[in-house]
Amino acid sequence: MAIILNIETSTDVCSVALTKDGHCIWDKEDHGDGHSSKAAELLPEFVDEAMEQLMSNEKLDAVAISGGPGSYTGLRIGMSMAKGLAYGSDAKLIAVSSLEVMCVPILLGRELEDDALLCPMIDARRMEVFAAIYDRALTPVRKTQADIVEADTYKEFLDEHPVYFLGNGATKCKEVITHPNAHFIENIAPLARHMMPLAEKRYHKDQFEDVAYYVPDYGKEYEAKLPKKLL
């Protein structure tokens, strides 16, 4: 088993969790004031507190970072901290999708229909969101992309399945997506403590990032594929 420090800064929520042998032994989060830049102040403090939980003979095996999509500022702050820790501790670097992280508490704590789909959303500008669609096994049914949300944006999925929309991008879509199969779950943010099962899985599959060259998914490549008239 492994000791993993998990860092999540893809939204205005800054959170850190320390996991050991598949259990969360310490975590802390701050839901901020709407500014992801606050992570620059809070993250070093949170990381220091987490590292104090380690015994003198223990060291980090890996640092797990939110890989986006999300806030450019927040992701950059988290990446810088994670890379520094990985270098200094000779630890592996793991990247986890912020959209997948949001699905974890729903899959662990809520009864869903067998054919239910999850659509985590991170807010972008106007009616734009970064979103993906997963089944209950967290298998991508549709990969991450930027969506301009209109009434029929997810119709092909809603016509066939109950779809649960969650995340800070889902709030602004509630009045637009009125399909009877659309369900909205409030107060869901990507949190470090929910990264644990995803980070553990990647650790044991040796799915690591190159510490020198890794860059998070800021979402800009998805926006580039949108029709210009919609931007």
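Predicted model: local features only at pLDDT ≥ 70, side-chain atom pairs only at ≥ 80, totals over all residues.
Residues are numbered from 1 along each chain as its sequence is written. Local features need pLDDT of at least 70 and side-chain atom pairs pLDDT 80 or more, totals for chains, interfaces and linings use all residues, and side-chain values use heavy atoms, without hydrogens and water.

**Exercise 1.** Find the order of the five strands in the open sheet, and its edge strands.

*Solution.* 
- Step 1: Strands are DSSP runs of E with at least two residues, numbered from the N terminus, and two of them pair if DSSP finds at least two bridges between them.
- Step 2: The order reads β3-β2-β1-β4-β5, with mixed pairing.
- Step 3: β3 (23-30) and β5 (92-96) pair on one side only, which puts them at the edges.
- Step 4: Now zoom in on β1 (residues 3-8) and β2 (residues 14-20), an antiparallel pair with six bridges. Asn6 stands opposite Ala17 in β2.

**Exercise 2.** Describe the second largest pocket: which helices contribute two or more residues to its lining, and how do the lining residues divide by class?

*Solution.* 
- Step 1: Lining residues include Glu100, Leu107, Leu198 and Lys201.
- Step 2: α3 (98-109) and α5 (196-204) each give two or more residues to this lining; helices are DSSP runs of H or I with at least four residues.
- Step 3: The lining divides into seven nonpolar, one polar and four charged residues. Here Ala, Val, Leu, Ile, Met, Phe, Trp, Tyr, Cys and Pro count as nonpolar, Asp, Glu, Lys and Arg as charged, and the others, Gly among them, as polar.
- Step 4: A pocket is an open set of points on a 1 Å grid over the protein atoms alone, where a 1.4 Å probe fits, with protein on both sides within 12 Å along at least five of seven lines; lining residues have an atom within 4 Å of a point.
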